Structures are given as structure tokens and as C-alpha cells.
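Take a look at the sequence and the structure first.

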Amino acid sequence: MIKSLDPRVTRAEIELDNAIEPLKEMDQWETFEVFHQKRRGDQHMHVGIVHAPNAEMAILFAKEQYGRRGLSVNIWVVKTRDVFTTDYDDSDIFETVPEKQYREAGGYKVMDKINKYKKSVKA
Amino acid sequence: MYGNAYIDPNEKAAGILAGEDMQKLAEFEARIARGEKIEPKDWMPKEYRKQLIRMIEQHAHSEIIGALPEGTWITRAPGFKRKLALMAKVQDEVGHGQLLYSAAETLGKSREAMINDLITGKSKYSNVFNYPAFTWADACVIAWLIDAGAIINQVANAKGSYGPYCRALDRICTEESFHLKYGHDNVVTLATGTPVQRKMVQEALNRWWPPIMHFFGPSDKISNHTEILMRWKVKMATNDDMRQQFLNMYVPKIWDLGLTVPDAKLSKNEETGKWEYTEPDWDEFKRVINGDGPCNAERLAVRRNAEERGRWVREALNTSESKYMVPFA
Ligand SMILES: [Fe+2]
Ligand SMILES: [Fe+2]
């Protein structure tokens with residue numbers, strides 16, 4: 001029995017030579033992806049994973065792991081295996097045309113034309 | 001805590017790249033040179049995967065085992081506020097362990113396999129936790145100076161190349177800044193307190209100084225192997241550089257409190273800007289890391305006990321439809 005400097009360890013009555021069966025596969029359950037919202041109105045952000053036996057426990061662990069300080073109002077969890085993803089190897093699927101100014105507000109500049117028009121009307 | 005994985009300096013560099021696809025290797029290295037991160041499913045050299053698993057896993061184990069010497073003092077911390085604060089710190093450390101296990105898992109080693117390797121003594125963890133925290137002052141010195149060392153290491157590694165490890169470290173570093181302030185506050189309280197308190201903190205510092213000097217590990221042999229790991233941004237600074245950084249930041253703060261460091265040789269060489277010190281006892285370091293320290297056996301027995309006595313709860317919660325899949329981030 002361990003006589004430890006740590007009174008909690010002594011109280012737990014632990015044998016020093018306490019070989020155990022190795023943990024089996026799934027002993028630590030599967031993983032859930034965690035999405036955390038800091039305040040109402042914010043997007044939920046992916047913050048990491050937790051291992052849990054079910055969604056309710058995943059919420060509990062996620063609250064401890066990702067919400068123990070700072071702001072939190074809401075958490076979502078979803079099984080890792082239920083998330084579909086793209087591959088980094090396929091990131092060329094995001095390539096369309098090199099020039100995408102036509103999708104941006106900045107791609108539309110009218111002041112030059114307006115000023116030119118105003119000048120021409122005055123003249 | 002507490003990274004700085006122990007990389008065997010005698011491991012041969014030759015053969016590290018044997019059998020790798022040279023074209024893919026070149027793309028991989030170019031990506032790292034551009035400052036881009038590597039993500040779990042990207043192609044990576046076998047040695048990169050192996051060293052990262054080893055390093056992140058050891059880091060995770062260190063967080064978990066590090067909670068033991070500090071946790072010792074939760075019930076006996078002086079006053080309610082300090083009990084709350086220490087409880088929060090220890091919970092953070094265990095949380096760091098969880099984050100790091102997750103990062104290592106993305107490289108393909110399951111959490112069960114990592115825990116098995118810890119409790120059988122196959123995997124290492126930071127050597128400092130094989131020493132006991134005799135008094136409350138020991139817990140204070142750990143929280144200040146061991147965490148300080150850990151921060152130097154973790155801030156460096158957070159700029160590494162592996163995405164999941166960097167993300168975990170960013171989160172961890174934010175919390176570490178609380179640990180450091182908390183530890184400093186405790187040490188300052190003792191050092192500016194009664195003669196008995198001062199004596200207590202000085203004695204704790206004397207006990208912890210050798211492990212602190214061991215913390216960053218022996219000087220790296222600048223081998224082909226270390227060069228490759230630095231090029232791949234797995235290893236971000238040499239052990240000696242990190243030790244110098246630590247001495248530079250913290251020795252003046254220790255001296256400010258009128259405390260002494262138990263090394264008569266310790267001084268800064270103003271010409272080189274480097275600290276000079278008595279070479280730490282590396283034989284002791286090796287002896288302890290290989291299992292023969294004052295607390296190694298107890299630490300692992302406590303860990304095995306926790307796994308064993310909690311097993312029925314984990315099994316009862318397991319549902320037959322659960323299925324494991326490697327997390328992708
Ligand atoms: Fe930590
Ligand atoms: Fe810490």
C-alpha cells in the first residue's frame with residue numbers, strides 16, 4: 001500500500017504494483033466535434049473535440065473543456081463520424097476564375113463616371 | 001506543462017528519409033517553408049509523423065502526471081481563494097492533456113494506446129514530475145517556475161508546422177498566462193512574508209532548482225536528425241536556447257525577491273549575453289527519466305488505479321452502436 005506525501009493517495013489505498021489489463025479499443029469512446037458560441041448573435045465556432053459515450057455526456061464534457069472561463073451561451077456537439085468534409089487534396093475545387101472582382105462590392109466603382117457626367121452637364 | 005519531448009540524441013539520422021517519395025517530400029518541405037500548416041490528412045514523411053506523435057503524446061502525459069504533485073496541495077492550500085485557484089489550475093492542466101491527446105490522435109494513435117503506453121511506463125513524461133511537492137511552497141514554485149519553463153517551450157512550439165498541435169497550444173498558452181501569474185503571486189506572498197515563509201520558499205526553490213535546470217533537456221547534439229526536425233518545424237528551438245531564455249527572464253525576478261539560486265556559478269556573461277551555470281547532473285536526469293526517481297512508481301500506480309477504478313463507469317456508459325473515427329482537426 002502506498003504511503004504517500006499526498007494524503008489523498010494514502011487514503012485511496014493503492015498497491016504500488018497494481019498491473020492492470022490494458023485499455024481496450026473504444027474504452028475512451030468515440031469523439032464529438034464541439035461548436036461553441038460566446039455570446040448571442042455570434043456564430044458558433046468549432047473549438048475542438050471531446051471523447052464521450054453519447055451526446056448528453058459530450059455536452060457535459062464540452063462545457064468543462066471549452067466553457068470553463070470567458071463567455072459562453074451555447075454549445076453544439078456532433079459525432080465526428082457524422083461530419084462530411086472536403087479533402088485538402090481537392091482544394092482546387094475552390095478555384096474558379098482567377099479574377100473575382102465581379103463578386104465584390106469593390107468591383108463596382110461609379111464615382112468617376114458620375115463626376116465626369118456632372119462636369120459635362122455643367123459645361 | 002510541458003513539452004520538450006525527449007529526442008534520443010543517439011538516434012541515427014541516416015535512414016530517416018529512406019523510402020520517402022522525394023517529389024512529395026519536396027512539396028511538403030516547400031509548404032512548411034512558406035509558413036503553411038500541415039493538416040492531419042496531408043501527406044507527411046514517416047519520421048515527421050513518428051516524432052510528432054512522440055512529442056505531443058509526451059506533452060499530454062506531462063500535463064496529466066503534472067496534475068498529481070500540484071493536486072496534492074488542493075485540500076491544504078492556505079485559504080479558500082487559493083484552494084479555488086489551485087483547483088482551477090489543476091483542472092486546466094488536465095484539460096491541456098485532453099487537448100493534446102486529441103491532437104496526437106489525428107496522427108493515428110488512439111487515446112487508449114497512448115494511455116496504455118503511459119501506465120506501462122513505455123512512454124515518457126516530463127521528468128520534473130517525478131519529484132515530490134513537500135510543502136505548500138513547493139507547489140508555489142512549481143506553479144511559477146515550472147509553468148514558466150513550460151510557457152517558453154509551448155510558445156515556441158505553437159509556431160510549429162502541425163495544425164492541430166498549434167491550435168491546441170494556442171488555447172493552452174492563454175491559460176498558462178493565468179498559471180504563471182498565479183504562481184508568481186504565491187511566491188511573492190511567501191517571499192515578502194514572515195521569516196518562516198521566506199525560509200519555506202527558499203528551501204522549495206533549492207529543491208526545485210536542479211529539476212528546473214533539467215527541464216529543457218540536455219544540450220542537443222547538432223546532428224543531421226535535429227536539423228531535419230528543425231527544418232520541418234517539429235523542434236522549434238534548441239534545448240540550450242530555451243534554457244537561456246528561461247534564465248534570462250526569471251533569474252532576475254528571483255533575485256528581485258532577495259531569494260538565492262543554489263548555484264554559485266550562476267551569472268550572466270555580459271560580453272556574450274549568455275548565462276553561465278554549473279552543468280546540471282545529467283546522469284541523475286537519465287536515471288530518473290528511466291524510472292528511478294523518487295516518485296516515478298507512485299505516479300504510475302496512481303494513474304493505473306484511476307483507470308482501473310473508473311473502468312466500470314466507462315464500460316457502463318458505452319453503447320453498442322458507438323464507433324470510433326479519427327478526428328480530422
Ligand atoms: Fe499546462
Ligand atoms: Fe500550466
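## About the model

This is a predicted model, in which local features need pLDDT of at least 70, side-chain atom pairs count only at pLDDT 80 or more, and totals for chains, interfaces and linings use all residues. Residues are numbered from 1 along each chain as its sequence is written, chains are lettered from A and ligands numbered from 1 in the order in which they are written, and side-chain values use heavy atoms, with hydrogens and water left out.

## Where the chains meet

Chain A brings 44 residues to the contact and chain B brings 47 residues. Contact here means heavy atoms within 4.5 Å. About 4,300 Å² is buried between chain A and chain B, and carbon and sulfur atoms give 53% of that area. Buried area is the accessible area (1.4 Å probe) that two parts lose on being put together, summed over both.

Between chain A and chain B there are 26 residue pairs in polar contact, both residues at pLDDT 80 or more. A polar contact is a pair of N or O atoms within 3.5 Å; within protein, one must be able to donate a hydrogen and the other to accept it, and residues adjacent in sequence count only if both atoms are side-chain atoms. On the side of chain A that touches chain B, the elements giving two or more residues are α1 (7-11), β1 (30-37), β2 (45-52) and α2 (55-66) of chain A. Helices (H or I, at least four residues) and strands (E, at least two) are DSSP runs, numbered from the N terminus. By class, this side of chain A holds 20 nonpolar, nine polar and 15 charged residues. Ala, Val, Leu, Ile, Met, Phe, Trp, Tyr, Cys and Pro count as nonpolar, Asp, Glu, Lys and Arg as charged, and the others, Gly among them, as polar.

## Salt bridges

How many salt bridges are there over all chains? The count is 33. Seven salt bridges run between chain A and chain B. The rule asks for a side-chain nitrogen of Lys or Arg within 4 Å of a carboxyl oxygen of Asp or Glu.

Asp27(A) and Arg314(B) form a salt bridge through their side chains (2.6 Å, N to O). This pair crosses between chains: Asp27(A) sits in the loop between α1 and β1 of chain A, and Arg314(B) in helix α11 (residues 296-317) of chain B. Asp27(A) is buried at a relative accessible area of 6%, and Arg314(B) is buried at 10%. Buried means under 20% relative accessible area, exposed over 50%, partly exposed in between (1.4 Å probe, protein chains only).

Another salt bridge pairs the side chains of Asp92(B) and Arg69(A) (2.8 Å, N to O). Asp92(B) is buried, at 0%. Arg69(A) is partly exposed, at 37% relative accessibility.

Within chain B, the side chains of Arg31(B) and Glu36(B) meet in a salt bridge (2.6 Å, N to O). Arg31(B) is partly exposed at 31%, and Glu36(B) is partly exposed at 32%. Elsewhere, salt bridges that share partners join Asp27(A), Arg303(B), Glu307(B) and Arg314(B) into one network.

Thr72(B) lies in the loop between α2 (46-71) and α3 of chain B. Is Thr72(B) buried or exposed? Thr72(B) counts as buried, at 5% relative accessibility. Its side chain makes a polar contact of 3.3 Å with the side chain of Asp6(A). Neighbours within four places in sequence aside, Thr72(B) is in contact with Leu5(A), Asp6(A), Pro7(A) and Arg8(A).

Asn116(B) is found in helix α4 (residues 111-119) of chain B. Asn116(B) is buried too, at 12%. A polar atom of its side chain lies 2.7 Å from the backbone nitrogen of Leu23(A). With neighbours within four places in sequence left aside, Asn116(B) is in contact with Pro22(A) and Leu23(A).

## The iron site

The iron ion (ligand 2) is 3.4 Å from the iron ion (ligand 1), and Glu93(B) coordinates both. Distant parts of the chain are linked here: Glu93(B) is in helix α3 (residues 80-105) of chain B and Glu176(B) in helix α6 (residues 163-191) of chain B, 83 residues apart. Glu93(B) is buried, at 0%. Glu176(B) is buried, at 0%.

Definitions and conventions:
Donors = N, O, S within 2.8 Å, 3.2 Å for Na, K, Ca; no water.
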